[in-house]
Amino acid sequence: MKAIVYIRLKTEVLDPQGQAIESALKNLGESTINNIRQGKLIEMDIEAKNIKDAEEKIEKITKSLLANTVIEEYSIEIS
Amino acid sequence: MNVTIIRFPGTNCDLDTANAVKKVLGIEPKIISCKENKIPKSDLIIIPGGFSYGDYLRSGAIAAREPIMDDLELKGNQGVYIIGICNGFQILTERKLLPGSLLKNSSLKFISKNVELKITRNDTYFTSKYQTNEIVNIPIAHHDGNFFADQDTLDSIEANNQVAFRYLNPVNGSLNNIAGLYNKNLNILGLMPHPERAVDIRTGTKDGSRVFESALNFYST
Amino acid sequence: MDIYESHSINKEEKELLLNYLGRDPSHTEIGIFSVMWSEHCSYKSSRHWLKKLHTKGKQVIQGPGENAGVVDIGDNQAIIFKMESHNHPSFIEPYQGAATGVGGIMRDVFTMGARPIALLNSIRFGEFTHPKTKFLLSGVVAGIGGYGNCVGIPTIAGETGFDSSYNGNNLVNAMCVGLATKDKIFYSKASGIGNPVVYVGAKTGRDGIHGATMASGEFDDESEKNRPTVQVGDPYAEKLLLEACLELMQKDAIISIQDMGAAGLTSSSVEMADKGKVGIELNLNNIPTRQQNLTAYEMMLSESQERMLMVLKPEKTEIAKEVFKKWGVDFAIVGKITETNNIVVSHNGIIEADIPIKFLTDNAPMYKRKKINKNKRNQKSQPIPSIKTKDAILKLLNSPNLCSKKWVWEQYDRTIMANTLNDAGRDGGIVRIENTEKAIAMSCDVNPRYCHADAKIGAMQAVAECWRNIISMGAKPLAITNCLNFGNPEKPEIMNDFVETIEGIRDASIVLDFPVVSGNVSLYNETNGVAIKNTPTIGGVGLIESIGVLDNFGPLNIGDSIYMIGKKGSHLSCSSLEEVCNGKSSINPPEIDLNQEKLNGTGVLELIQERIITSCHDISDGGMIVAICEMIMMDNRGAAINIVDDTKMIGELFGEDQSRYIITIPPERESIFEKKMKKLGVKYELIGCITSSQLKINDSIVISNNEIRDAYESLIPSIMNNRA
């Protein structure tokens with residue numbers, strides 16, 4: 001199975017990279033885009049009995065290493 | 001006094017820190033690899049600066065999950081004194097031995113310069129040789145030194161008087177200008193500035209030596 | 001386009017190749033020839049002339065021809081250093097191009113057994129207001145910092161310049177200085193028939209295939225599409241490779257070692273075998289790879305970073321393997337040394353290449369290209385527009401080339417290793433040698449404006465300025481490295497400038513006993529036919545025997561007298577004042593008298609060593625007044641300057657006459673100073689004195705420290721910190 005973990009800063013944490021992207025777009029004349037938040041995507045292959053089993057495994061490694069839950073939030077996609 | 005320095009792959013301030021300990025305290029510290037199972041009996045454990053595991057994933061994240069960190073956590077809970085400098089501070093927060101987290105500098109750039117710091121209190125193991133509210137000058141060199149904690153955590157850090165050093169002027173976006181802080185029991189210190197680079201007036205400032213001298217002072221008395 | 005043309009092998013070279021082999025080459029062989037015969041690897045346009053450089057001296061342990069140059073600093077210690085360009089890759093992808101440039105030069109130094117102790121760089125961009133400049137500057141600076149900071153080597157000095165001639169070709173010249181034990185220096189000469197050839201470091205991927213040929217061709221608008229060929233640097237891998245190599249070097253296992261730089265496995269294996277006059281056999285099935293199904297052609301040409309090739313003593317192979325395993329670095333035996341004098345490459349049991357090595361090295365094409373001396377000189381100085389002196393000073397300090405580069409160097413870790421005594425913002429950098437009283441002073445210099453006006457004078461001036469900067473820091477100059485950045489050498493006027501540059505460097509290094517011990521040539525720095533100004537960057541090192549002489553040297557003391565060493569300034573053509581006020585400069589740079597240079601410099605060095613003076617700064621771009629402003633800004637002091645003849649004020653303040661320094665002296669030592677200078681026959685002038693604040697000239701001109709600081713420090717942040 002394939003798993004994708006999306007990680008980004010929590011909304012209450014300042015995201016200067018997101019702001020920099022946004023102001024760059026504004027400078028390019030793109031005024032209709034707001035509130036950019038950037039993050040990262042980690043993809044992997046996983047061996048699991050079923051989707052639920054995979055989700056549990058990925059949840060575990062995300063909490064323990066991939067994301068820092070002090071500042072980051074995440075979502076998981078299995079296919 | 002036994003001083004141990006833990007080296008991770010990508011640590012690059014291990015030798016500087018060992019030299020500073022030698023110069024200031026006249027003690028030969030032990031440098032150990034993070035691949036060892038146990039930390040030898042130590043009065044002070046130092047996690048030096050650098051780019052452990054290349055700062056990949058997040059600064060300090062991979063190092064914080066090395067098996068040797070189980071022993072470090074155990075020793076920290078037993079009251080052994082621990083300092084994490086720069087990347088060492090990041091590792092300690094990733095391990096949750098210290099509260100909060102260190103984000104990218106608000107300028108999004110690496111910053112290398114000498115900064116003025118205010119000593120918050122001088123009644124700890126690490127600061128007895130300073131005066132409270134004394135202003136000292138110590139270099140910083142980091143990309144991810146912007147201290148963040150949620151409001152409750154920040155309130156509790158302040159309420160417990162856990163801040164060790166504050167930047168006199170805003171540098172990297174750190175909340176409350178926090179440059180270094182203690183755990184609740186005051187036996188673990190994390191700081192972004194590099195005291196080991198400030199032990200000889202010929203290199204610009206000697207203000208960092210007293211972190212090490214304070215530790216020795218405690219040990220001797 | 002046939003396969004030869006697509007490999008940048010021209011018709012004559014194709015004939016030569018076929019004639020050498022006596023058969024049709026394989027695809028892999030064409031690839032090998034194309035990179036070994038590229039300008040970057042073969043120096044085919046420059047080789048003939050480079051032999052004319054002055055490369056000898058009693059301080060020299062190893063001159064050009066190895067991975068880096070080596071000089072003796074006494075006590076069985078040696079300094080190993082080199083500078084290299086990474087211009088083309090940095091234009092295409094500034095962060096990675098600059099980062100891998102730093103990584104490559106560091107490997108050149110630690111390959112020889114030295115632990116790197118300092119990095120320097122010289123970076124040049126198009127006009128400050130050019131739309132690409134901001135993007136390139138921020139990427140290059142972040143890339144240099146990103147790599148050096150992570151490996152943990154302080155970046156202590158350098159220069160950042162802007163000029164429209166770099167609009168389509170920015171320059172990134174990186175220099176690394178390392179410290180080695182004199183009797184433990186490692187060379188690339190392979191030996192011992194049957195000895196194992198070992199690959200260590202990062203895995204091989206498809207990165208940078210044809211980097212060397214890219215670095216040897218002109219740009220056009222299509223070049224930006226070449227992105228896939230740019231290598232990506234991994235400083236973390238470099239740090240592990242560095243520690244593993246230095247550890248193995250303590251174990252008497254290495255016969256020869258060579259960094260895999262441009263043209264990767266091909267050039268490293270060929271160079272090692274060539275130096276040892278032996279053959280080499282490679283089995284590509286043993287190469288650690290990152291991707292599957294790499295072909296022989298791709299493996300031979302890949303420029304994946306952070307890799308080394310070594311020949312080991314067979315009995316030490318297991319020990320070596322353990323060391324690399326401990327550091328988590330790949331280690332593979334990929335071939336052996338043979339007596340055939342050929343490079344033989346096999347893959348999946350098939351011989352993919354079998355080429356006599358001399359065809360790739362000594363017998364590679366060499367050109368003595370046509371040169372034409374288009375004498376550009378003799379343009380009269382343009383009149384300086386009437387501008388108030390105060391405004392001119394502030395305008396110069398606020399100009400892209402003279403303003404503070406703090407925005408740049410604050411992104412470089414300058415204090416790591418805890419031995420930095422002096423860094424960016426002064427004349428150069430100084431690092432102490434751990435556990436000794438010695439220190440090494442370093443500087444990188446060139447003034448492309450002078451070089452463009454007169455290649456020979458510009459080259460002499462670059463060497464002299466580097467010498468002067470090292471003297472100003474209290475060090476005895478030892479030797480230099482260089483990066484010769486030029487346009488297309490097939491253009492006779494560019495070739496002529498190149499040859500005159502070599503002559504200028506040679507003359508200056510002979511008189512100043514400042515030999516060239518390493519270097520690199522970067523040609524074809526042109527876009528759509530427009531060449532850069534010739535830019536022969538000079539990087540020098542000097543030795544401070546006892547750092548005690550630097551105690552109380554540097555910070556300005558109120559009340560100290562300010563003197564100038566050398567004659568009063570007057571030469572305004574080709575000056576910064578002219579360029580900044582007129583927007584262009586005339587083709588008439590200041591002459592340089594090398595014997596005078598030597599006399600003045602030797603005198604100043606004695607003044608520092610005998611602790612007679614309290615600070616020193618060389619006079620260069622912008623003239624005396626800019627030098628004084630830089631000094632007072634550094635320590636937040638003021639100065640009161642006296643110009644006796646008002647009608648000569650502009651010349652004295654802004655003239656760029658050579659071989660001059662500003663020094664400060666406590667009043668009680670003035671008589672010793674004067675006596676000494678008279679005895680040596682060195683000219684000097686009393687200029688004024690250090691005050692607590694403001695710059696005052698003849699009581700008529702007063703500039704506050706805030707005005708100076710604002711002009712000096714605001715320009716770069718005002719553009720760069722505006723996020724866009």
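User: What are the conventions behind the numbering and the confidence limits?

Analyst: Residues are numbered from 1 along each chain as its sequence is written, while chains are lettered from A and ligands numbered from 1 in the order in which they are written. Because the model is predicted, local features need pLDDT of at least 70 and side-chain atom pairs count only at pLDDT 80 or more, whereas totals for chains, interfaces and linings use all residues.

User: How do you know that α6(C) and α7(C) come within 7 Å, and at what angle do they cross?

Analyst: Helices are DSSP runs of H or I with at least four residues, strands are runs of E with at least two, and both are numbered from the N terminus. Axes are lines fitted to C-alpha atoms, for helices over the stretch in contact, with angles from 0 to 180 degrees between N-to-C directions. On that basis the axes of α6 (residues 94–110) and α7 (residues 133–151) of chain C come within 7 Å and cross at roughly 35°.

User: Which residues of α6(C) and α7(C) meet, and how do they divide by class?

Analyst: Two residues are in contact if their C-beta atoms, placed from the backbone, lie within 7 Å. Among those that meet are C:Ala99, C:Val102 and C:Met106 in α6(C) and C:Leu136, C:Val140 and C:Ile144 in α7(C). The residues of this contact divide into 12 nonpolar, 7 polar and no charged, where Ala, Val, Leu, Ile, Met, Phe, Trp, Tyr, Cys and Pro count as nonpolar, Asp, Glu, Lys and Arg as charged, and the others, Gly among them, as polar.

User: What makes β2 and β3 of chain A edge strands?

Analyst: Strands pair if DSSP finds at least two bridges between them, and 7 bridges join β1 (residues 2–9) of chain A to β2(A). The open, antiparallel sheet has the order β2-β1-β3, and β2 (39–45) and β3 (72–78) are its edge strands, since each pairs on one side only. The twist averages 20° from one strand to the next.

User: How many residues are in contact between chains B and C?

Analyst: In chain B 23 residues are in contact with 22 residues of chain C, and the chain B side divides into 9 nonpolar, 8 polar and 6 charged.
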